[in-house]
Amino acid sequence: MNVLIIDDDRWFFDCYSNWLKAKKYIVEYASNAQAALDYLDSKKVDLIILDIFLPSSNGIQFLNTISSYGDLGKIPTLVLSAVDFRENDFGHKNVVAVLNKTLITKQTLLEVVGNALS
Amino acid sequence: MKGKKVERVELVVAAAHELKAPLALIRHMAAGLVDPDLNNIEKQEYIERILLTSERMLRLTNQITSSSRLNAIENLNLLDSLEPVNVNVICEQALHEMLPLAKKFSQTLQVRQKRRQNLVLANKLVLHDIIVNLIDNSIKHNPTGGKIVLSTNNLAETVRLNLLDEGEGLSKAELNQLAQTVGRMPQPFSSRSGTSGLGLYIAGQLTFAMGGSIGLGKPKNGFAVFVDLLKSKQLRLVP
């Protein structure tokens with residue numbers, strides 16, 4: 001299963017990536033929305049993990065963009081943010097969960113990712 | 001007075017936001033140290049990152065304290081503590097201090113010095129804090145492998161310290177908006193992505209307290225901050 005993590009902080013990515021790789025997920029990295037779109041154009045992704053505060057286009061703009069494409073809009077997306085968002089703050093059907101970056105643990109992330117991909 | 005209170009609340013909110021992410025990162029990496037799935041090399045890397053992240057947080061909290069102290073006492077300024085300072089020497093010291101963090105992101109730090117730069121009137125420690133703060137801010141926004149350049153040039157009454165990075169810039173409208181209030185209040189979520197603009201706010205507060213000013217520029221690629229410092233009028237004793 002391919003997971004694309006979009007976060008402008010590479011060190012956060014490394015943490016999540018290490019957690020996910022332990023369960024044999026293939027993890028890719030994009031530091032901004034444009035890099036993520038470029039990646040999605042060329043590769044198949046099963047799940048997106050998205051930070052909201054990104055350089056240039058923020059995560060919400062990114063969600064709007066991918067929702068406008070039939071195929072990309074169906075990719076389950078997990079929102080991770082240090083700000084306390086709720087799932088219904090996002091009107092996007094593909095947002096499967098919203099997790100608080102400051103509280104998340106390896107176990108929680110693996111559970112949520114497992115559920116989203118099952 | 002009411003304005004000051006609002007400013008202080010904004011400062012607390014911005015500080016909380018700014019500290020959340022590095023604290024979360026430290027927590028994740030500390031948990032990684034007891035994770036059986038990580039090897040010793042990965043754990044060693046985490047230890048180094050924990051050290052650098054906690055140093056960054058300590059720098060920030062120290063600067064918040066200095067800034068709050070300035071805010072708490074009306075009309076307090078640092079003008080009485082100013083002395084002639086060679087800004088290039090302070091730049092070199094700040095660069096030396098920030099080099100390990102820059103290296104972790106494969107970034108290069110460079111000081112472009114004029115050989116005979118005018119001295120400025122400044123408080124050495126505060127000027128050092130300002131420069132470190134601005135470099136820290138740039139490292140955070142610079143891409144991996146990016147370059148940060150510190151330079152100085154003489155203006156009529158001031159010496160301008162420029163800091164240029166290759167991070168995401170702002171649109172003209174965003175830049176204009178930020179330029180109106182830079183250093184005067186934290187910018188919740190509206191300055192550079194993922195930050196509260198607290199770093200610029202603190203740098204601005206400390207600069208104003210020394211009689212200087214701070215501003216933003218939009219180079220072709222990247223982001224620029226400049227700090228104008230009062231030029232020392234004394235005769236230069238060092239050639």
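**Exercise 1. Find out what share of chain B counts as buried, and describe how the chain is built.**

Of the 239 residues in chain B of this predicted model, 50% count as buried. Next, look at the secondary structure: chain B has 6 helices and 7 strands. Following the sequence, they come in the pattern α-α-β-α-β-β-α-β-β-α-α-β-β.

**Exercise 2. Work out the strand order of the open sheet in chain A, and name its edge strands.**

Start with the order: 5 strands of chain A line up as β2-β1-β3-β4-β5, with parallel pairing. Now go to the edges, β2 (26–30) and β5 (95–100) of chain A, each of which pairs on one side only. On average, neighbouring strands are turned by 20 degrees against each other, direction ignored. Helix α2 (residues 33–42) of chain A packs on this sheet and touches β1 (2–6), β2 and β3 of chain A. The direction of this helix makes about 160 degrees with that of β1(A).

**Exercise 3. Decide whether Ser17(A) is buried or exposed, and list what it touches.**

First locate Ser17(A): it is found in helix α1 (residues 10–21) of chain A. Its relative accessibility is 3%, and the cut-off for buried is under 20%, so Ser17(A) counts as buried. Leaving aside residues up to four places away in sequence, Ser17(A) touches Ile5(A) and Val27(A).

**Exercise 4. Explain what the salt bridge between Lys101(A) and Asp7(A) ties together.**

The two side chains meet at 3.0 Å, N to O. Lys101(A) lies in the loop between β5 and α4 (106–117) of chain A, and Asp7(A) in the loop between β1 and α1 of chain A, so the pair ties together parts that are 94 residues apart in sequence. Both partners are buried: Lys101(A) at 6% relative accessibility and Asp7(A) at 2%.

**Exercise 5. Trace the salt bridge from Asp14(A) to Arg49(B), then the network around this pair.**

The closest N and O atoms of Asp14(A) and Arg49(B) are 2.6 Å apart. This pair crosses between chains, from helix α1 of chain A to helix α2 (residues 40–72) of chain B. Asp14(A) counts as buried at 14% relative accessibility, as does Arg49(B) at 10%. To finish, follow the shared partners: salt bridges join Arg10(A), Asp14(A), Glu45(B), Glu48(B), Arg49(B) and Lys104(B) into one network.

Methods. Residues numbered from 1 in each chain as written. Chains lettered and ligands numbered in written order. Predicted model: local features only at pLDDT ≥ 70, side-chain atom pairs only at ≥ 80, totals over all residues. Heavy atoms only, no water. Helix = DSSP H or I, 4+ residues; strand = E, 2+ residues; numbered from the N terminus. Buried < 20%, exposed > 50% of the residue type's maximum accessible area, 1.4 Å probe, protein only. Pairing = 2+ DSSP bridges. Axes fitted to C-alpha atoms, helices over the stretch in contact; angles between N-to-C directions. Contact = heavy atoms within 4.5 Å. Salt bridge = Lys/Arg side-chain N within 4 Å of Asp/Glu carboxyl O.
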